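Hi,

Here is the structure I promised to pass on.

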Amino acid sequence: QQSDDFSAVTAYMATLGPSAIDVALSSLCFGTHDQDEGIPLLHLACRWLLQECKSCERFECIQAYLHRFLHLHSIIIAGIEQPNTPLDTRRRLLLQSIQELRKEQRRLCTALKGKINHTLCLLRHFTRMV
C-alpha cells in the first residue's frame with residue numbers, strides 16, 4: 001500500500017531552484033512514447049499536488065508547481081481518454097487523480113474568490129469612513 005504523505009517531496013522541491021524544479025517535473029514523463037513508465041509517475045505527482053492543495057500550505061508555491069506540471073504534461077493528460085484507446089488501470093488512476101485535482105482546484109478557487117471579495121468589501125467600507 002502506498003502512503004499519501006508527500007511532505008518529503010514538498011520539502012525537497014523547496015530546496016530546488018526554478019530550473020531544477022522544471023527538470024524534476026518534466027522528467028516525470030517525456031511524451032507519448034514514454035507512457036509506460038511515465039503515467040505512474042504522473043499519477044504520483046497528481047497525488048502529491050492534491051495532498052498539498054488540500055493542506056492549504058505554501059499555496060502560491062504549490063499553484064506554481066501545478067501550473068508547470070499541467071503545462072509540461074498537458075498532451076499526455078489530454079490524450080488519456082482518446083477514442084479507440086484502451087483505458088488501462090494506470091491511465092484510469094491518472095484520470096481519476098486529475099479529476100480529483102480539478103475538483104480541489106475549483107474548491108480552492110471559490111474559497112480564494114470569497115476571501116478576496118470579503119477583503120474588497122472591507123476596503124470599500126473603510127475608505128468611505130475616511
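Before the helices, a quick word on terms: axes here are lines fitted to C-alpha atoms, for helices over the stretch in contact, and angles run from 0 to 180 degrees between N-to-C directions. Also, bear in mind that this is a predicted model.

Now the helix pair. Helix α3 covers residues 35-55 and helix α4 covers residues 59-78. Their axes come within 11 Å and cross at roughly 155 degrees. Angles over 145 degrees count as roughly antiparallel, so that is how α3 and α4 run relative to each other. The crossing of the two is left-handed.

Which residues make the contact? From α3 you have Gln35, Ile39, Leu42, Ala45, Cys46, Trp48, Leu49, Glu52 and Cys53. On the α4 side they are Ile62, Gln63, Tyr65, Leu66, Phe69, His73 and Ile76. Sorted by type, the residues of this contact come to 12 nonpolar, three polar and one charged.

Then the cysteines, in case you were wondering about disulfides. A disulfide needs two cysteine sulfur atoms within 2.5 Å, and by that rule the count is zero. Take Cys29: the closest cysteine sulfur is in Cys46, 11 Å away, which is too far for a bond. Cys46 is in no disulfide either, as the nearest cysteine sulfur to it, that of Cys53, is 10 Å away.

Are these two buried or exposed? Cys29 counts as buried, at 4% relative accessibility, and Cys46 is buried too, with a relative accessible area of 1%.

Cheers

Terms used. Residues are numbered from 1 along each chain as its sequence is written. This is a predicted model: local features need pLDDT of at least 70, side-chain atom pairs count only at pLDDT 80 or more; totals for chains, interfaces and linings use all residues. Side-chain values use heavy atoms; hydrogens and water are left out. Helices (H or I, at least four residues) and strands (E, at least two) are DSSP runs, numbered from the N terminus. Angles under 35 degrees count as roughly parallel, over 145 as roughly antiparallel, 65 to 115 as roughly perpendicular and the rest as oblique. A crossing is left-handed if the near helix is turned anticlockwise from the far one by less than a right angle, and right-handed if clockwise. Contact means heavy atoms within 4.5 Å. Ala, Val, Leu, Ile, Met, Phe, Trp, Tyr, Cys and Pro count as nonpolar, Asp, Glu, Lys and Arg as charged, and the others, Gly among them, as polar. Buried means under 20% relative accessible area, exposed over 50%, partly exposed in between (1.4 Å probe, protein chains only).
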